Amino acid sequence: MVKVVVVGAGVVGLSTAVCMAEALSLCSVTILAEKFSPDTTSDGAAGILLPKEFPDVSLERQRCWFKNTFDHLLAIAESPSAPEAGVFLSPGYQIFREVPSDTKPYWSNYVFGFRTMTDYEMKRFPNHKFGQSFTTIKCECQRYLPWLEKRFRDAGGQIKQEKVTNLKQLTHYYDVIVNCSGLGSRSLAGDQDIHPVRGQILKVHAPWVKNFIRDGDGKTYIYPGISYTTLGGTWQMDDWRLEVDKGDSESIVERCSQLVPSLHSAQVLEEWVGLRPGRRNLRVESERLQVEGHDVLVVHNYGHGGCGITLSWGTALDALGLVRNGLHEQLPHARL
Ligand SMILES: Cc1cc2nc3c(=O)[nH]c(=O)nc-3n(C[C@H](O)[C@H](O)[C@H](O)COP(=O)(O)OP(=O)(O)OC[C@H]3O[C@@H](n4cnc5c(N)ncnc54)[C@H](O)[C@@H]3O)c2cc1C
Ligand SMILES: O=C([O-])CC(=O)C(=O)O
C-alpha cells in the first residue's frame, strides 16, 4: 500500500482526498488538518460557482478546472443527495457600472442560459450600464463538507486532527504528501506569494429574494441559499483581522439594499469573516522533497483566492493526475 496524506480539510483538501481515495486503489489516503467543518474558511464562503481569472495560468487550464467542477456539482444538484450536500442551481444577474472589456468570459459557455440583460431588465439597476443573466450552481459548504467527509470515509479514507508544522516530518509516515492547506501554505510551503484577502459577509433571513445579484466590482453581492441569504462583502488584501467589523457590516447592508431595497428590513442571522487564500496564480504543481538521501513526491493544490468552491473539483482532478504521474515514475509496473 502506498500511503498518501492530504493536508487540509477545507473544500480543496476534502475534494482532493475524495478524488484520490476513490481513484487510487493501491493507496491508503489520510487527511490531516488543524480545522474541520464548520471551522474552515470554506464553511463561510458564499459558495457560488463564478470564476475569477488567474493572469498567468492558461485559459485552457482554467476552463478545464471550471468545467470539471461545474459538471461534478451539477450531477450532485440533479441527484437525490442535493439537499444533504447543499448543492443547487441558482439563477441571477451580474451587473456592471461600466461595460467590462470582456463581455463574454470563458466560463459563459458552461453556465446555463448566459445572455446580456435587456435595457428593460437594466432599468432595475439605474447605476449600472451592463448586465449578464445566467444560471450557475451554489454549493453551501456547511452541508457539502460533511457530505464529502462521509464520502471520503466510505471510500476507506482516514481522518486525523493535527496541526502540521513541517511537511518534511510527514515523510516518516507517508510516501506521498498532498498540500491543500490554503493560507497555511505560507509557512508549510514557505510561500510568501500567498496572502490573506479578508472577506466579511452577513447571513440574513430574506426568503423572498429568489435570484442572485452580483456587482461586477466583486465587492457587493446577494446570494439566496437554502436557509439564509448571503450578503457581501469585502475584498481586503493583506488584512489578517478575523473579527467582525461593524463598519463593514453597515456598508454591506447599505450596498445590498441599494440593489434590493427590501433587504433593509431583513433580520441579520450572523456576521462572518474569512481569509481567502490569495495568490496571483493558483498553484497545482508537484515537486520532489529531498529527505535523508531519498526524494518524496509532494503535490501542491492551494491559492484558490475567491474561487475555492468554483474550481475545487477541477483542481483536485489535476492534483490526482500529478500524484498518478509521480507514482508511475516511482513504480512503473504498478496498476494504480
Ligand atoms: C467572504 C467569502 C466569500 C467567499 N465566497 C466564495 C464563493 O462564492 N465561491 C467560491 O468559489 N469561493 C468563495 N470564497 C473563497 C473560498 O472560501 C476559498 O477559496 C476556499 O475556502 C479555499 O479553500 P481551501 O480548502 O484552500 O482553504 P480552507 O478552507 O482555508 O482550508 C484550509 C485547510 O488547511 C488546514 N491547514 C492549514 N494549515 C495547516 C497546518 N499547518 N496543519 C494542518 N492543517 C492546516 C486548515 O485547518 C483547513 O482544514 C469566499 C471566501 C470568503 C472569505
Ligand atoms: O465574489 C463573489 O461573488 C463571491 C466570492 O467568491 C468571494 O467573495 O470570494
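**Exercise 1. Find the bridge partner of Phe-112 in β5, then describe the strand pairs that β5 makes.**

Solution. Step one: the bridge partner of Phe-112 in β5 is Thr-135. Step two: strand β4 (residues 112–116) and β5 pair in the antiparallel sense over three bridges. Two strands count as paired if DSSP finds at least two bridges between them. Helices (H or I, at least four residues) and strands (E, at least two) are DSSP runs, numbered from the N terminus. Step three: strand β3 (residues 87–96) and strand β5 (residues 130–139) run antiparallel and are joined by 10 bridges. In that pair, Tyr-93 has Ser-133 in β5 as its bridge partner.

Before going on, two notes on reading the model. Residues are numbered from 1 along each chain as its sequence is written, while chains are lettered from A and ligands numbered from 1 in the order in which they are written. This is a predicted model, where local features need pLDDT of at least 70, side-chain atom pairs count only at pLDDT 80 or more, and totals for chains, interfaces and linings use all residues.

**Exercise 2. Trace how β9, β10 and β11 are connected.**

Solution. Start with strand β9 (residues 212–215) and strand β10 (residues 221–224), which pair in the antiparallel sense over two bridges. Here Ile-213 stands opposite Ile-222 in β10. The two strands form a hairpin with five residues between them, and Gly-218 in the turn has a positive phi of about 80°. Next, β10 pairs with strand β11 (residues 229–232), in the antiparallel sense over four bridges. Tyr-221 stands opposite Gly-232 in β11. A hairpin through four residues joins β10 to β11.

**Exercise 3. In which order do the strands of the six-stranded open sheet lie?**

Solution. The order is β6-β2-β1-β7-β15-β14, and the pairing is mixed. At the edges are β6 (158–161) and β14 (283–291), each pairing on one side only. From one strand to the next, the twist averages 20°. Now pick out one pair: strand β1 (residues 2–7) and strand β7 (residues 176–179) are parallel, over four bridges. Within this pair, Val-5 stands opposite Ile-177 in β7.

**Exercise 4. Describe how α1 sits against the sheet and against α6.**

Solution. First the sheet: α1 lies across β1, β2 (27–33), β7 and β15, running at about 170° to β2. Axes are lines fitted to C-alpha atoms, for helices over the stretch in contact, and angles run from 0 to 180 degrees between N-to-C directions. Then the other helix: the axes of α1 (residues 11–23) and α6 (residues 141–154) come within 9 Å and cross at roughly 25°. That makes the two helices roughly parallel, a label for angles under 35 degrees. Finally, the residues: Val-11, Leu-14, Ser-15, Ala-17, Val-18 and Ala-21 in α1 meet Cys-141, Leu-145, Leu-148, Glu-149, Arg-151 and Phe-152 in α6. Residues are in contact if their C-beta atoms, placed from the backbone, lie within 7 Å.

**Exercise 5. Is Lys-150 buried, exposed or partly exposed?**

Solution. Locate Lys-150 in helix α6. Lys-150 has 13 other C-beta atoms within 10 Å, so it is partly exposed. The scale calls a residue buried if 20 or more other C-beta atoms lie within 10 Å of its own, exposed if 12 or fewer, and partly exposed in between, with C-beta atoms placed from the backbone. Lys-150 and Val-18 are 132 residues apart in sequence and 9.5 Å apart in space, C-alpha to C-alpha.

**Exercise 6. Where do Thr-41 and Cys-307, two of the annotated binding site positions, lie?**

Solution. An unreviewed UniProt entry places the feature "binding site" at several positions, including Thr-41 and Cys-307. UniProt positions are given in the numbering used here, feature names are shortened, and annotations may be inferred rather than shown by experiment. Thr-41 lies in helix α2 (residues 41–44) and counts as buried, with 22 C-beta neighbours inside 10 Å. Among the residues Thr-41 touches are Gly-10, Gly-182 and Arg-276. Cys-307 lies in the loop between β15 (294–302) and α9 (312–330). With 23 C-beta neighbours inside 10 Å, Cys-307 also counts as buried.

Definitions and conventions
Contact = placed C-beta atoms within 7 Å. Parallel < 35°, antiparallel > 145°, perpendicular 65-115°, else oblique. Lists of a residue's contacts leave out its neighbours within four places in sequence.
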